[in-house]
Structures are given as C-alpha cells and as structure tokens.
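Please look over the structure below before reading the questions and answers that follow.

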Amino acid sequence: MISLTLTSLVQLAVLATPTTAQTYDEAYRNAAETGRPLVILVGAEWCPACQQMKQVVMPQLARDGELNKCAFATVNTDADSTLAGKLMSGGSIPQLMIYRKAADGSWKRQLFIGAQSPSTIAAAIQYAAKEALDNPVKLTSGE
C-alpha cells in the first residue's frame, strides 16, 4: 500500500512539472515577458518517438531543472493541426524547437527533428537557457 501511494505521488509530481504546465499561448507570453527560451515540442499521440520525448525525455529534463529555466509547451498535431502546421518545418515529428534571445535582441531558433537522446536535448536546452538568461529582454511599460 505504501509503495502504491509513493508511486502515485511520483506520478503526480511528474504531471506537475513544466512539461504540462503551459499551453502554447501561455508559454509564448512567458517567453516574451521574461526573455526565457521558448521550448516547443510538436508531436502526435500515435507517434512512438513523440511519446518517448513527451513521457521520458521531457520529464527527465524537468526533474534535472533545465525546463524550469524555460517557457515550455507541447503541441499535439491531432488536437491543433493549424498551430502545429504553423510551427513545423517539414513534415517530420517529433520536432523540438528552442527559440532563444540573441545578443542583438532577435530571437534565434534551434530545431531538432526526430527522436533525440535526452543528453543532446538537455545540452541544447541548457545552452539556450544560459544564452537567454545572459541576454534578458528589456521590457518597458507599454510594450
């Protein structure tokens, strides 16, 4: 009984991570207001690689703290094909996009298409977070 309760608590903790906390609109606003990197995972429920990214890679990054430095959202091609179509480059999924603020104030995109190893994705997110946090957006009232 105790192990069942602990398992349930761990599952709830994973569900409460940034991997499920924000819609695309919320993550976009968060990135625009804070200058944090915007990390978007575009996938589908039927895609095994997408499910691995969503259920294994992203929770690992949330536990390690990398996603806490970012604005993060998932976009399901089945649930929101219009938004997914606007975001995607090419037709392959999963696609992981990282938008980060560059030193010149523009937003740069890193794109990872296909299943990636957790260490590769973690390194990209860590780099994007460091760059964005080193070069924060300067917001003034009225912007």
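This is a predicted model: local features need pLDDT of at least 70, side-chain atom pairs count only at pLDDT 80 or more; totals for chains, interfaces and linings use all residues.

Residues are numbered from 1 along each chain as its sequence is written, and side-chain values use heavy atoms, with hydrogens and water left out.

Q: Which residue of strand 2 is the bridge partner of Gly43?
A: Strand 1 runs parallel to strand 2 (residues 71–76), and six bridges join them; strands are DSSP runs of E with at least two residues, helices runs of H or I with at least four, numbered from the N terminus, and two strands pair if DSSP finds at least two bridges between them. Within strand 2, Gly43 has as its bridge partner Asn76.

Q: Which residue of strand 3 is the bridge partner of Leu41?
A: Strand 1 also pairs with strand 3, in the antiparallel sense and over five bridges. In strand 3, the partner of Leu41 is Leu96.

Q: Is Asn30 buried or exposed, and at what relative accessible area?
A: Asn30 lies in helix 2 (residues 24–34). Leaving aside neighbours within four places in sequence, Asn30 is in contact (heavy atoms within 4.5 Å) with Gln22, Gly35, Arg36 and Ala71. Asn30 is buried, because its relative accessible area is 17%.

Note on methods. Buried means under 20% relative accessible area, exposed over 50%, partly exposed in between (1.4 Å probe, protein chains only).
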